[in-house]
Amino acid sequence: MDQSRGGGGAPQPADAALAAALASARLGGSPLPAGLMDLMAGAMAAGGALAGAGPGPAQGAVPGAAAGGALPLAAPAPSAGGRGGMMLGPSVPQYRAPPSSLDKERRIHLHFRVSFLTKWGQSVSLSGSGALLGNFDFSRGVEMSCRHDREDLVWEALVSLPWQPEYKYRYAVVHRDEDGNVVTEKEETITRRVVLPEQLENGDVVDLSDSWVDRSYPGSILATAAFTKVIRRRSGDGAPAPCPAVPRLAPAIAEAIVRFKVNDLMLEDGEIICVTGAVPQLGTWQTDHMLQLTPTDEGWEGEIRVPYANFAFTYKYAVVTRGHGPTPVGGGAGAGAGAAGRGAGAAAANGPTSSAAAPPTAILHEVGEPRVAALPLAGSASAGAPSLIARHDGFFRRDKLWRGAGVALPVFSLRTRDSVGVGEFLDIKRLVDFAGAAGLRLIQILPVNDTCVYGSWWDSYPYSTLSVHALHPQYLALGACAEEGGALPAGVAAQIDEARQRLDLPDVDYEAVMETKTRLARAIFDAAGHKALDTPAFKEWFEASRSWLVPYAAFCFLRDLFGTAEHWRWGAMAAPTEELLQRITGPGQEWHPRIRCCYWVQWHLHRQLKEVSEYAASRRVALKGDLPIGVDKRSVDTWMQPRLFRMSKSTGAPPDVFDPNGQNWGFPTYDWEAMAEDGYAWWRSRLTHMAQYFHAYRIDHILGFCRIWEVPGDCATGLLGHFRPSNPITRRELESRGVRSFERLTQPYIRQPHLSKLFGPELAAEVAARYMVEDPAAPGSFHFRPQYESERAISEIAAREGSPDWLVAEVEATRRGLLALRQNVCLLRDEEDADAFYPRFNLMGSTSYRDLDPSQRAVLAQLHEEYFFRRQDDLWRAHALRTLPVLLGATNMLVCGEDLGFVPACLPPVMQELGLIGLRIQRMATQPGTEFNNPAGYPYLAVASPSCHDVAPLRAWYEEDADRRERFYYSMLGGAGPPPAECDPDIAKLVVSQHCNSPSALCILPVQDVLALSKRYCGRPAREEVINDPTKSKHYWRYRMQVSVEELLADRQLLELLQDTLLLSGRARISDLPELLAGI
C-alpha cells in the first residue's frame, strides 16, 4: 500500500505459526483465495476487523473486539456439504469472541470495500447500525485499510457480525487530530442497506463492493426538491406507489448470488433498468434476454446466481422504454444456472425469459467500458469465495444529463393588471404561466424579506434584511386579503383601484407604494382582520412561527416608537428578554392592535407566497429564492442574538475591476465560532423557513463561506478590509525580513508633494490647515486631525445646502482626495492583536509603497502575494467544509452559489465536491488572460447567464462601450462587417442561443434579456433596465418591466421563439409544450 495515502500498510500475519496455519487452511481440499487469506490474517492478528490502526473500541464492545466493535473472526467447526463459505480447518487456532448479547449462532463475515482516492493523513471509516458498527458514529466505527488496484485506491474491512435480516451502514473520510481523536471530514450522502439471505450459514462470506456516493456526482442535483417535487415529479396525483419487494435468491453450492444495485435520477415514466452481460443469466449480451431490475426506495435492484467457474464476467446497465405489450426482459430476479438453492424459498434455477411480444420502444445502454464482476481479493474461482456479492454500482452512466432553462427577475419588477405599484407575490402565478408555456422550468427571484429599516427608498435594497424570516409587506396583494367567504371593506376596493392607476409608473415609487399599502392593509385589518386571527389555521401557523414572529412584531413597534431601527439606542429595551417581549406584544396594551395587525400582514404574505409555490410546483416550474450573505445591523436578528454577529465590523468585497475601492455593505460579519456552539441553529432555522416557499435557492456571495471581506466599522469603502478568517502577517515575520517601521507602514502616508498633486498648490494649504496637523518633528509630513481620522468621518464632509455648484464640486473633490490619503497605507494592524498585520489590497499602487526603499518594497510585494493567493487556501477550504454542509443539510432544496469576484483557489473544488452549482456571466471571465467566457466551455454544475441583477443587462452593456462591443462581436459572436451599434433582437438571439447551447445544467435569462429578443420591447432606453449599480452605496432598486406579464403571455411570437431555442438546444422537450400551450 502507498503509505502516503494515510493509513497503515496491509496487515500481516502476527507470526509464522499463524501464517502456516492460514496457508494450510482447506475447505474441500481447495485453498482460500490468497487475498482473503491475507485479510483474515490481519484481522486475527489485530484482534478483529481489518482496520489498520483504527479508533479505540466502541463503548460496550466485548474484550478483544476490533476498532468500532467489529468482532474477531471466529473459526467455526467444519460442516459437511458446505457451499464454499469461509471456514478454517482444525489446524487453525480458534479466535472466538467472548460471549455477548450479539453473539448469535450464525456469524457472517462481511467484506466491505469501496474505492476512494484519499489525501495524505486521511483514511476511510465504516460505521453503521448497531454497537458493533459504531451506531453511525465514525469515531467508534471501523477504520479501513487500503490497497492499490491499478489507478484506484480500494479501502476495505472484514467484519464478523451475527446474522440478522439486514445491516445499514455508511462510509466517511476521516483523519486523526493531534490528540489522536477521529475527525470526520466527509460522509457519504446515502445510507446503505444490505439484506442478508436467510439461508446463510455460520462463517459464510458476503462481499460488499460499493461505489462511493456523495454530492460530487453531477447528477445528484436531480435528487433535490426542485426536481423530485417539481420539475421531474412523476405524473399522477397522491403519494407514489409503494415499491415492490425485490425477489431474493437462496445460496447454492459452488455458486455466488450476484446482487446488482444502481440508481438513475433521469428515468422517465415507463422506463425501467435492466442488466445485460457476458453470462447466460444476463442474456449473453442479447437485448431480448436482459435481467429486469426491481425499483426500490434506494434505486434498482436484482439478483442472479453465477457458478464460481464463470467469474469474472462483464456487464452493463440499460434503460428500457416499455412498449405497449409485455417487455421482453427477464423477471425481477433471474436465478443462476446450477443446483437449486438450499432451504425454503429458494428461487427456481432459471435464466431470464424472453417474450414473443413486440420489442421495447428503445434501449439506452450506459456509456463507458463494461463493468466487471469478479471474485474479491484476487481470489480464484474455487471454494472459499463469497456466498453473496452485492455490487452497489452508484449511478447509471449517461453521456448527457438533464439541462433546463429559467427566467430571473425581482418580484418588485413584475407588472400585471392586478399589481399596485410594484410586483406582488400573486403576480408570480402569471409569470409561472409564461415560463411554463415557453418551456422554462425555473423562476429565480431576489430576496423577499422585510427590509423596512430606514422608512425611505433606501429600504428598496433587498439584501439588507430587517428579519431573515419576515416577508416584505410591499409584496402583499391587497385584493386577496378579504377573509374567506367575505369581501373587502366598503370603499377599500375603490381605493385599491385608484392606487393601482396612480402608481402605474415606469419604475417603482417605493415610498408611495409603502405608504399606500400600509394604510390600506390597516384599513382592511381594522374592518375584518381580527376574525382571521381566531381561525384554527392562523393559530396553527402562529404557534409554528412564534419564535420569530413575536420578536419581529415587537421590533417593528419599537422601531416606530423610537423613530430608528438602531436598537442599541433604545436604552433599557436594547437588550430584549422574554419578559420584555411579552410586555410589548401581550394583550391589554393600547398598541396591541398594531401588534396583531403585524401578525395579520405576515399571515397573509405567508399564505400568498405559499399559494404561489404550490401553483408553480403544479405547473412543474421551480421557484428559486435568494439567501443574502448578511443581515442589517439594525435588524431583529442582531437585536435578539447579538452574540452571533461581530457588530463593530462590516461585510464587503475587495476591490475589483468594477470598483477599485471595494464594497462595504454595512452588514455585521458573522461570529462563526459562536454559531457553531448550537450547531448553527440560526442558519438551519433560516433555511427550513425558506423551504416552505422555495424549491431552490441562490447563496449570495458564496465566497463568504470560505472567508469574508471584513471591514472596520468606521470605514465607508471596502479598501481597508481584510479576509476573515485568514492567517495574518506577524510582527516576528516582518522583523525577520527586515521590516520594522510599523507606524510608517500602518498610518496614512501624507507629504506636502502629495497634497499639492491632489488639490493644487492653493487648495492644498487650506486642506492641510482644516483637516490635518503637521508633524513638528518632520516638517512637510502630516496626519489627520482626530475628528477626520476615519473614512466614515471623511465621507460625511459635505457642502452646505444651497451652496453654489462650484463649491459643491470643490467639496466633492476635497472629499475624494482626503479619502485617497486616508487609504495611503501599506499594512493594516489587526484591531484585536497589535502584533498581527494584513497587507492593504493592491498596496503596490500606493505612494506609501513607492516611497519605500527597494528591499522593503520587495518584501511587502512578496507578502501581499502570499497573503492573498497562497497562504490561506487550506484554512479557507476547511472553513467552507464546516459551514456550507450545514446549509446543504438543512433542507433538500437545490443550491446554487454566486461565485463571482475575487474567487479563492479552494472554492471551485469545494463547490464541485459538495455538488453546488456555480454562476457564469459571459462578460466576467473566469480564465486568466481572457476578456469573455465562452459558454461552450462551461461545466455542467453551472448557471449560464448573459447578465444578472448586479451588472447591466445585455442591451445596456453591449451599447455602452464601442471598443468592447467590437471585440465581443468578433470574438464571441463570429460577426462579420461592422458591429451593430445597438443590441437589436438578432444580437440578443445569438447571445441567448449561445447560453442555451452551453453544457451547463441551467441557463437562466434575466427578464430584460428575454425582452431584448423582441423589437417591440426595445423602445425603452437600455440604461433604465439596470437593477443595481454596485458602485453606489445607496442605489435605488426600482426597475419595473415596461410590459405586463399578461401581454408577454399573449405574445405568441416570443413564446415560439423561446420554445424553438430551448428545443433546439435540448433544454426542453416537445412532449412538454403542447399541453402547456393548450392552457393559455
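Start with helix α7, residues 536–562, and centre the view on R546, where the helix bends by about 85°. This is a predicted model, so the angle is a property of computed coordinates.

**Confidence**

Colour the protein by pLDDT. The mean is 86, and 85% of the residues reach 70 or more. Now select residues 1–103: pLDDT stays under 50 throughout, and the model has 222 contacts for this stretch beyond four places in sequence. Then select residues 378–383, where the pLDDT is also below 50. Beyond near neighbours in sequence, residues 378–383 have 14 contacts in the model.

**Backbone geometry**

Most residues other than glycine have a negative phi, and most peptide bonds are trans.

- Select N135, in the loop between β4 (122–128) and β5 (142–143). N135 is not a glycine, yet its phi is positive, about 50°.
- Select F311 and A312. The peptide bond from F311 to A312 is cis, with omega near -5°. A312 belongs to the loop between β16 (299–307) and β17 (313–321).
- Select R724 and P725, which are joined by a cis peptide bond with an omega of about -5°. P725 sits in the loop between β30 (722–724) and β31 (729–730).

**An aromatic pair**

Show the aromatic rings. The whole structure holds 60 aromatic pairs. For one of them, select Y217 and F395: the pair is stacked, at 4.0 Å centre to centre and with 15° between the planes. Where in the chain do Y217 and F395 lie? Y217 is in the loop between β11 (205–211) and α3 (225–231), whereas F395 is in strand β20, residues 388–395. The two are 178 residues apart, and the pair links distant parts of the chain.

**Helix α5**

Move to R500, in helix α5, residues 492–502. Which residues does R500 touch, not counting those up to four places away in sequence? They are R417, D418, S419 and V420.

**The largest cavity**

Then show the elements that give two or more residues to the lining: strands β37 (894–897), β38 (918–921), β39 (942–945) and β40 (1002–1006), together with helix α25 (1007–1011). Coloured by residue class, the lining of the largest cavity divides into 13 nonpolar, 7 polar and 3 charged residues.

Notes. Residues are numbered from 1 along each chain as its sequence is written. This is a predicted model: local features need pLDDT of at least 70, side-chain atom pairs count only at pLDDT 80 or more; totals for chains, interfaces and linings use all residues. Side-chain values use heavy atoms; hydrogens and water are left out. pLDDT is the predictor's confidence in each residue, from 0 to 100. Contact means heavy atoms within 4.5 Å. Helices (H or I, at least four residues) and strands (E, at least two) are DSSP runs, numbered from the N terminus. Ala, Val, Leu, Ile, Met, Phe, Trp, Tyr, Cys and Pro count as nonpolar, Asp, Glu, Lys and Arg as charged, and the others, Gly among them, as polar. The bend at a residue is the angle between axes fitted to the seven residues ending there and the seven starting there. Rings of Phe, Tyr and Trp (its six-membered ring) pair if their centres lie within 6.5 Å; planes under 30 degrees apart count as stacked, over 60 as edge-to-face and the rest as tilted.
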